[in-house]
Amino acid sequence: MSSGRPKFFDSSMFAPAMKALTRSHVTLFRATGGRVGRKFRFGSAFPSGVPVCLLTTTGRKSGKDRTMALLYLPDGERVIIVASRGGTGKHPQWYLNAGANPQVKVQTGRRPQPMTARTAEGEERADLWRRLVEFYPEYGNYQEWTDREIPVVICEPVKAAS
């Protein structure tokens, strides 16, 4: 584990600050149908940006919908997201919620789409991880900052019943 992780990540203010930023991001994205908030333009993503989606999971304890703004890698009809939590030592709540109930909604534009989330394993994960680090190099740093293997989540469209 690298000591390069910003000290702020270990502060008691990290989680509340991230929650406030996420709420603002989700509100702007929804209000504008993704015209504002569709790209993340910090770090290696500056200036062109990387795409952002809204992921809605069902709280495993509360049963309430919870929505997060997350970077994603488009992969055909699939949406690939990373449960990095900035390289901290715990999995993000959205990941635990998706594990308990994999029926999620993903919004990349004006409308959310029902999808099924699953964690990539083995060679599939290794291939996606390589692509994700090329896409957003900070993911490589995040992995160095934590002892946990950062999960890669694949969201696939729910197929209509025939």
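Trainee: Where does T56 lie?
Mentor: T56 is in strand β2, residues 50–58. Keep in mind that this is a predicted model.

Trainee: Buried or exposed? I mean T56.
Mentor: T56 counts as buried, because its relative accessibility is 12% and the cut-off for buried is under 20%.

Trainee: Which side chain does T56 join in a polar contact?
Mentor: That of T67, at 2.8 Å.

Trainee: And what else is T56 in contact with?
Mentor: Leaving aside neighbours within four places in sequence, T56 is in contact with R30, D65, R66, T67, V104 and K105.

Trainee: New topic. How many disulfides does a search of the whole structure find?
Mentor: The search finds 0. C53 is in no disulfide, and the nearest cysteine sulfur, that of C155, is 7.0 Å away.

Trainee: On to helix α3. How many residues does it have?
Mentor: Helix α3 has 14, residues 122–135. From first C-alpha to last it reaches 20 Å, close to the 20 Å expected at 1.5 Å a residue.

Trainee: Which residues of α3 are buried?
Mentor: R125, L128, W129 and L132. They lie on the same side of α3, because they cover an arc of only 110 degrees around the axis. On the other side, E123 and E134 are exposed.

Trainee: What do the buried residues of α3 pack against?
Mentor: Their packing partners are β4 (73–75), β5 (78–82), α4 (138–144) and β8 (152–157).

Trainee: Last topic, aromatics. How many pairs does a search of the whole structure find?
Mentor: It finds 5 aromatic pairs. One of them is W129 with Y139, with ring centres 6.2 Å apart and planes at 40 degrees, so the pair is tilted. W129 lies in helix α3 and Y139 in helix α4, so this pair ties together parts that are 10 residues apart in sequence.

Trainee: And what do Y139 and Y142 form?
Mentor: An edge-to-face aromatic pair, 6.1 Å centre to centre with 75 degrees between the planes. Y139 and Y142 both lie in helix α4, 3 residues apart, about one turn. Both are buried.

Trainee: Which residues form the aromatic cluster?
Mentor: W129, Y136, Y139, Y142 and W145 form one cluster.

Methods. Residues numbered from 1 in each chain as written. Predicted model: local features only at pLDDT ≥ 70, side-chain atom pairs only at ≥ 80, totals over all residues. Heavy atoms only, no water. Helix = DSSP H or I, 4+ residues; strand = E, 2+ residues; numbered from the N terminus. Expected span 1.5 Å × (residues − 1). Buried < 20%, exposed > 50% of the residue type's maximum accessible area, 1.4 Å probe, protein only. Arc of directions from axis to C-beta. Contact = heavy atoms within 4.5 Å. Disulfide = S-S within 2.5 Å. Polar contact = N/O pair within 3.5 Å; in protein donor to acceptor, adjacent residues only side chain to side chain. Phe/Tyr/Trp six-rings, centres within 6.5 Å; stacked < 30°, edge-to-face > 60°.
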